[in-house]
Amino acid sequence: MAEVVLKTHGLSKSFGALQASRDVSLDLRAGEIHALIGPNGAGKSTLIKQIAGNLVPDSGTVELLGRDVTALDTVARARMGLGRTFQISALAMEYTVLQNAVLGALGGRGSPFRFFRNVMKDPDLLETAHGALDRLGLAEDADRRTADLSHGQRRQLEVAVALTLEPKLFLMDEPMAGLESAGSRALTGFLDGLRQEAPILLVEHDMDAVFALADRISVLVYGQIIATGTADEIRANAEVRRAYLGEEDAA
Amino acid sequence: MTYILVLEQILNGLQLGVMLFLMAAGLTLVFGVMGLINLAHGALYMVGAFAAAAVAGWTGSFLLALMASLAAAAAAGALMELVVIRRLYRRDHLDQVLATFALILIFSEGTRWLFGSFPLFLDVPSYLSGPVSLPGGIEYPLYRLTIILIGLAIAVGLFLLIARTRIGIQIRAGEADREMIAALGVDISRLYTLVFALGAALAGLAGALVGAIQSVQVGMGEPVLILAFVVIVIGGIGSIKGALAGALLVGMTDTLGGVFLPRLFTLFMEPASAASAGASLASMLIYILMAAILLVRPSGLYGGST
Amino acid sequence: MIPTRESFLNWAMIAALLIVPLAAWSLDEPFIITLATKAAILALAGVGLNIALGLGGLISLGHAAFFGIGGYAMGILAAHAQNYEPLFEWPFLFEGSNQMPLIWLVAIVCSACAALVIGALSLRTSGVYFIMITLAFGQMLYYFAISWSAYGGEDGLSIWVRNDFPGLNTLDPIQFFAIAYVILCLALFFAARLARAPFGLALAAARQNADRVEAVGLTPFTLRLTAFVISGAITGLAGALFADLNRFVSPTMLSWHTSGEIMIFVILGGVGRLYGPVVGAALYILLEHLLGGISDYWQIFLGVLLLLIVLFARGGLIGALAGREKAHG
């Protein structure tokens, strides 16, 4: 079996009476895309935040590359090689596309405390940044203001910035959200190849993309993982059908 | 002797505390409901004091003077809200800081222009002057005691207003979700003007009440404003309960620290340097308190998230 | 680099700030030279604040603290030197100093240390809390200075002669102006480099989107704290020069009105514009001088102007003249 890159063990998190995560254990292995799906309000965002380090779980642990990182913050986890994209694009809107990519490369290098050298003339950072933009088809747009990009281009830039970090694994929160079908197909194709570089934990609503891409799928309902398996196994799973299709199938 | 002094100072601290509460309540309401930081709140305190001093000079009635302070500050507040403040709700905090700082300049210099640079005096009326004997053998100025009682009464009234009345329900709803209450048909801009005028009236009343103990002069609102900020930071922004707790804590700390720290220092220093070191430390005490509370609870005692 | 309208304005501004006092010098108008010196020093304070405010988005209403600390660093060192009273005798004998370079160094170090402590506490919070807390800490130092009778308390501290700079006669207005002007230019150069450097890129990104900065493995808190310290140090240096200009330092330098005024310099010119503080400070001095001559209540006009700029011309003067800021690059 391939090496386990990310592993959660028994994650639980409550907000008052609402239990958003119940005993969630899942893992991500080298070379795979593991998709996390579930109806709205199933607790996907809460789970993502615990994995990325924004939320501390009430109980349970998160292991990254074999190390317990439950007590580490988002920054430390990013430095260990967790490349993240956000559900709602989190980019520096006043910056050009290239500046956002250079920011990622700078983060990847981890040395922001330089006060004199022009960062936009640093050959290493520029090479990394341009490389990532090229791969996402944003080379032409490098000098445009991020605020002027279309929604779809911002989604691509999200992924490009994550790429500049040269991460060991990706945590992608609905990268296809709001994309029209052509954009969605293009990104699906890109992610398909990306898994060889680094595995992807993919939260996604676009079921076409999920079933086309995922090596394994986990289904989250009411904060709990009710099934994990290949696309075919998930399609055939009675509990999953019940969760998605309602009572009619239960009989 | 010492025990009477301590009790007296506790009452003084209480008196400062309730006045700070009157200031802080308005600030925290305005922030909680409208998300606005208002540096010009101290100007409303000043407006109240000047209105009271002018009316008292005119009519000789302290009661009328207090009413005038409420009315003038509420009117100034409503005007401020209608002309300037309502353009700032959707702006970022920087714009709010700058615009309300500009209002301070306008109000302060305008008042100086109208009334001159010399302080005015507002006299404590004869029926409230002189000391009163309290149980335990304490002689305490009746006027200060009256201030404490008025302040506490207003605090109770404010809690009832917010907990029990329709306006209060709208205020609380406005804190939770502005769009929603607008969608429910509440006239939100009228509510905002009302809340702002209410906060202004409380500040104006505080200015008038304190104006009778100290002098009435331009810029008198600013030290109080900054103390009120400390109160809000300690109590948690947006929380009336926090404002009350913070105000009492700051009032007590400032008053007791100012009196007792220099004495405490004489225990291990020579008197002259003890007095000056004690006074220096006392002047910083509430800020140290604020820093300490921030270290433990960054969003204040009763604050939710920042 | 293609010169934009903004960069043309910048050069025109910095040239005007040089030409006006030179002309005044040739016409023997020392008062105008002093006004220009004051503008240059206040602009320097604004350049400091602009690093925190414009680049980092940190709305500090407590920068008077650093301005005043710089002022008191000058006042205390010079007072001990002029009275021949050692400042301290351990670990070595130090009798104060009337040498500007040493005074500046002390001013920078002291204000940077203060900024480190105040920043470390204030930056635990954000938004309105940050504004109120920086304001409160500034006010704490103000009250401390008032109660600190050893150095003049409320009355402040005067020195008899302006401090020395090797090779120059600092009592000659034009020579003292030259010192202030050169320091301002150096600070502008530094601020320009900083904005384009890796640090500036990361800091301004943290202002725009802190989540993104964290996700690429950088810590917004440390970036902001560093910016706050640099910002405080520059404003502190300005404070030392300002006190030297007046040969006087008092708690007024620490008051929150001073914080507000430094912020006004930045805003009148245009937030985040490198030369904004230069334009703002010059405009402020001009207004003070012109309107102050008409009315004792000139700050009413300042208030109205500020209000109009905030409500209707958010880019400040440079914004109005040069149009929207182009992305850094």
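Two residues are in contact if their C-beta atoms, placed from the backbone, lie within 7 Å. The model is a predicted one, in which local features need pLDDT of at least 70 and side-chain atom pairs count only at pLDDT 80 or more, while totals for chains, interfaces and linings use all residues. Residues are numbered from 1 along each chain as its sequence is written, and chains are lettered from A and ligands numbered from 1 in the order in which they are written.

**Chains B and C**

Select chains B and C to begin. Of the two pairs of chains that touch, this pair has the most contacts. Chain B contributes 36 residues to the contact and chain C contributes 36 residues. On the side of chain B that touches chain C, two or more residues come from each of α4 (93–115), α9 (221–235) and α11 (271–296) of chain B; helices (H or I, at least four residues) and strands (E, at least two) are DSSP runs, numbered from the N terminus. The element to highlight is α4(B), which gives the most, with 15 residues. This side of chain B comprises 26 nonpolar, six polar and four charged residues. Here Ala, Val, Leu, Ile, Met, Phe, Trp, Tyr, Cys and Pro count as nonpolar, Asp, Glu, Lys and Arg as charged, and the others, Gly among them, as polar.

**Chains A and C**

Next, display chain A with chain C. Their contact takes 34 residues from chain A and 23 residues from chain C. On the chain A side, the elements that give two or more residues are α2 (74–80) and α3 (97–109) of chain A. The largest share, seven residues, belongs to α3(A). By class, this side of chain A has 19 nonpolar, nine polar and six charged residues.

How far apart are the nearest C-alpha atoms of chain A and chain B, which do not touch? The distance is 14 Å.

**The domains of chain A**

Now colour chain A by domain: domain 1 covers 1–81 + 167–251 and domain 2 covers 94–165, with bounds from an automatic or database domain assignment. Their C-alpha centres lie 27 Å apart. Eight residues of domain 1 of chain A are in contact with eight of domain 2 of chain A. The domain 1 side of this contact has four nonpolar, two polar and two charged residues.

**The sheet of chain A**

Finally, select the open sheet of chain A, where four strands follow the order β2-β1-β4-β5 with antiparallel pairing; two strands pair if DSSP finds at least two bridges between them. At the edges are β2 (18–29) and β5 (67–68) of chain A, each pairing on one side only. Strand β4 (residues 59–64) of chain A is joined to β5(A) by two bridges. Centre the view on Glu63(A), which stands opposite Asp68(A) in β5(A).
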